[in-house]
Amino acid sequence: MSSITAAVLGLVIASIGITPVQAGSTPLVRSYEGSSFFDRWDYYGSYDNTTNGDAIFANKSVADGSPELTYVTSSNTAIIKVDNSSTVAYNEKRNTIKITSQDSYEVGSVWVLDAVHLPYGCSVWPAFWSYGKGATWPQQGEIDTIEGVNMGWSNQMALHTEDGCAITTSSSAYSGTVNDTSCYYSDNDNSGCGITDTNYNSYGSAFASNGGGVFVTSLSTEGISIWFFSRSDIPTAISGADSSIDTSSLGTPSASYSNEGCEISKFFGAQSLVFDITLCGDWAGQSSILASTGCSALTGTNTCYSTYVLDASNYDTAYFEINSLKVYSNSSSSSNSTSSADRRNILPSSQGIGGLAYLAGTAAMVFLAISFAL
């Protein structure tokens, strides 16, 4: 290619707004942070009807009321919390939060959560996870990036799917400890194919006292990987990922699910992201689980609800504090609207007549430019 041709091609590419992306990198498509963090989320607005928690997931008007359950601090961190000040009458449930992203992200996406605090405490069951957009669960899969209960010791990651997905990857491919290999929701009391992080700074009081850290989830056709980095160990591949991210240098993930054991294109589709904190419920509320995760076992007629939920002071540490949630994707999100800032580095879709026409027009421009230059 002559220097004239290269120059003309550069002008054409610049004129049509395509930003070249390095091989192996995934462009940033959305950043949830600062004063706009909560702009693109839907509030559940109902009781916990999926995990039987003693919780009401507040709607936005309640969450914005007094006490505030979702808000942005003066330091621009986002807070998602359990009500830790109201008196709850017996047989009523405590207000907390479950929010779901209005945008969903296709296979070929990476999401990076930077948090300084995760919810913990006796009866507390938080999660940051995703599920198949518009599908009947567990169709299109579920990915649990963060999940723990009570005082906890470490973060637990998992997949939940239809029958046929399992962990087959060699243990050398990840640093965590496998709990169950089958991801099928009907196996093992729907615990999924869980992997527990061996880094105890990944959850609970240790996470908070060490300044938090970063969780990276990669959903690709080759498999699903989840990394955790404590604040002092965050690599430049993450801290410097202002416009794109390359996960190839992140090293061994905490959890890895290979396409060989779980065909990603079959079991996973576009994912909606979720933050929630429930109380007690099917996992955190069991007496044996309470006793094994830093809380007292229930005695006599006492229940998780009567022991913890009625006492607001049990929830002083039951909150997320988030610096940012950034999503990188090789395809645009499936929302109906995308701001100009969110469109950066996104190539136009080749799906549909409009996309084909755009690509055809682009090809014609490039052809004419080359012909002219020659």
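**Notes on the predicted model**

1. The structure holds five salt bridges, a salt bridge being a side-chain nitrogen of Lys or Arg within 4 Å of a carboxyl oxygen of Asp or Glu. This is a predicted model, in which local features need pLDDT of at least 70 and side-chain atom pairs count only at pLDDT 80 or more, whereas totals for chains, interfaces and linings use all residues. Residues are numbered from 1 along each chain as its sequence is written, and side-chain values use heavy atoms, with hydrogens and water left out.

2. On confidence, the chain averages a pLDDT of 86, and 82% of the residues score at least 70; pLDDT is the predictor's confidence in each residue, from 0 to 100. Over residues 1-23 the pLDDT is below 50, and this stretch has 21 contacts in the model beyond near neighbours in sequence, where contact means heavy atoms within 4.5 Å. The pLDDT is also below 50 over residues 336-374, a stretch with 35 contacts beyond near neighbours in sequence.

3. Because Arg 30 lies in strand β1 (residues 26-33) and Asp 103 in strand β8, the pair ties together parts that are 73 residues apart in sequence; helices (H or I, at least four residues) and strands (E, at least two) are DSSP runs, numbered from the N terminus. Arg 30 counts as buried at 4% relative accessibility, and Asp 103 counts as buried at 0%, with buried meaning under 20% relative accessible area, exposed over 50% and partly exposed in between (1.4 Å probe, protein chains only).

4. A further salt bridge, between the side chains of Asp 54 and Lys 93, has an N to O distance of 3.4 Å. The pair links distant parts of the chain, 39 residues apart, with Asp 54 in the loop between β3 (46-47) and β4 (55-57) and Lys 93 in the loop between β6 (78-81) and β7 (94-96). Asp 54 counts as buried at 15% relative accessibility, whereas Lys 93 counts as partly exposed at 35%.

5. Asp 114 forms a salt bridge with Arg 231, the closest N and O atoms being 2.8 Å apart. Asp 114 lies in strand β9 and Arg 231 in the loop between β16 (223-230) and α4 (236-239), so the pair ties together parts that are 117 residues apart in sequence. Asp 114 counts as buried at 15% relative accessibility, while Arg 231 counts as partly exposed at 27%. Elsewhere, salt bridges that share partners join Arg 30, Arg 40 and Asp 103 into one network.

6. What surrounds Ala 115 in the model? Ala 115 is found in strand β9 (residues 109-117) and is buried, with a relative accessible area of 0%. Leaving aside neighbours within four places in sequence, its contacts include Phe 207, Gly 212, Arg 231 and Ile 322. Ala 115 and Arg 231 are 116 residues apart in sequence, and their C-alpha atoms are 9.2 Å apart in space.

7. An open sheet of eight strands has the order β2-β8-β19-β10-β11-β12-β14-β13, with antiparallel pairing; two strands pair if DSSP finds at least two bridges between them. The edge strands are β2 (41-43) and β13 (177-178), each pairing on one side only. Three bridges join β2 to the antiparallel strand β8 (residues 98-105), and Trp 41 has Ser 101 as its bridge partner in β8.
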